[in-house]
Amino acid sequence: MHQYNPAFLDGITPALANRFGGRFPNTDMIKDPRTREFCINGDTFNGWIGPDVHFLFSTIQGGKDCCWVLTHRDEHDIDESWSFPGKLEEVYKVLEGWDPICRAIVEKTPSLVDWKLVYRDPLPTWVSKHARILLLGDAAHPFLPTSAQGATQAMEDGVTIAVCLKKAGKGNVPAAVRVHQELR
Ligand SMILES: Cc1cc2nc3c(=O)[nH]c(=O)nc-3n(C[C@H](O)[C@H](O)[C@H](O)COP(=O)(O)OP(=O)(O)OC[C@H]3O[C@@H](n4cnc5c(N)ncnc54)[C@H](O)[C@@H]3O)c2cc1C
């Protein structure tokens, strides 16, 4: 997963899974009788789950936009990026033998991204030496997207540091920063 601050970057262990994803308008989905139903009834969410693979497809904005993610086991490594382009042929390979509707959805995708999901060692601290800099959100504690927790935890970080700063007052910023870390 992505980490933004090289100064705090710690060990990255090899990938444990790979995730492909795409987002696109519903135009071609509606033209295809196999996929039309996903876009004419407002927002939908569907998932297909098998050994070491899951394919999730949703429509948003009242069925106008479509997006999917395909997660599968993978131990190869890759440069870190949230925008590394993926290849449809690789997705088709993973979907071989699956419900053909999955491929019918994927075929409509003009471009996709390829994320490697990797474990990271926890950082020893989120606070700089003099407690003037604090890491929040993914930079402090990246979550695997399969847990769907990164954004919520980043927001909780934001609320926590806001309360700590308010309670500590302007003259006590380092204490607020340190207390935030202890609380989180
Ligand atoms: C496909 C996907 C699905 C997800 N689903 C969920 C979900 O269902 N629920 C959930 O809770 N979380 C989910 N997440 C995780 C969530 O998006 C992240 O955990 C969250 O966005 C982290 O927030 P953040 O503010 O720490 O970092 P970010 O949202 O990544 O914000 C960091 C910002 O810093 C900017 N930046 C980077 N470097 C610099 C620089 N040098 N100078 C200036 N700016 C810079 C970036 O452009 C970015 O805008 C998902 C993530 C992905 C990729």
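At what angle do the axes of helix α5 and helix α6 cross? Roughly 140°, and the two axes come within 8 Å. The model behind these values is predicted. Helix α5 spans residues 150–168, and helix α6 spans residues 173–183. Two packed helices are described by the angle between their axes and the distance between the axes.

How is the pair to be classed: parallel, antiparallel, perpendicular or oblique? The angle makes α5 oblique to α6, because the antiparallel class begins only over 145 degrees. The handedness of the α5 and α6 crossing is right-handed.

Next, the residues at that contact. From α5 come T160, I161, C164, L165 and A168. They meet V173, A175, A176, V179, H180 and L183 of α6. By type, the contact of α5 with α6 holds 9 nonpolar residues, 2 polar ones and no charged ones.

Now step back to the whole chain. It has 6 helices and 5 strands. Along the sequence they follow the pattern β-α-β-β-β-α-α-β-α-α-α. Of the contacts with a separation of 6 or more, 63% link residues 24 or more positions apart. Of the 184 residues, 18% count as buried.

In soluble globular proteins, nonpolar side chains tend to be buried together. Here, the largest nonpolar core has 13 residues. Within this core, W68, L70, V91 and V106 have the most contacts. Which elements each supply at least two residues of the core? They are the strands β3 (53–60) and β4 (65–73), together with the helices α2 (88–94) and α3 (100–106).

Look at V91 in particular. Set aside its neighbours within four places in sequence, and V91 is in contact with F20, L70, G86 and V106. There is also a second, separate core of 6 residues. Its members include L134, L135, A140 and V177.

One more residue deserves a look: R132. It sits in the loop between β5 (112–120) and α4 (137–140). Is R132 buried or exposed? R132 is exposed, because its count is 10 other C-beta atoms within 10 Å, and a residue with 12 or fewer is classed as exposed. How far is R132 from A175 in space? The C-alpha to C-alpha distance is 9.6 Å, although R132 and A175 are 43 residues apart in sequence. A175 is also one of the α6 residues that meet α5. That returns the tour to its starting point.

Technical notes
Residues numbered from 1 in each chain as written. Predicted model: local features only at pLDDT ≥ 70, side-chain atom pairs only at ≥ 80, totals over all residues. Core = buried A, V, L, I, M, F, W, Y, C linked by C-beta atoms within 7 Å. Buried ≥ 20, exposed ≤ 12 C-beta atoms within 10 Å, placed from the backbone. Helix = DSSP H or I, 4+ residues; strand = E, 2+ residues; numbered from the N terminus. Contact = placed C-beta atoms within 7 Å. Axes fitted to C-alpha atoms, helices over the stretch in contact; angles between N-to-C directions. Parallel < 35°, antiparallel > 145°, perpendicular 65-115°, else oblique. Left-handed = near helix turned anticlockwise from the far one by under 90°. Nonpolar A, V, L, I, M, F, W, Y, C, P; charged D, E, K, R; others polar.
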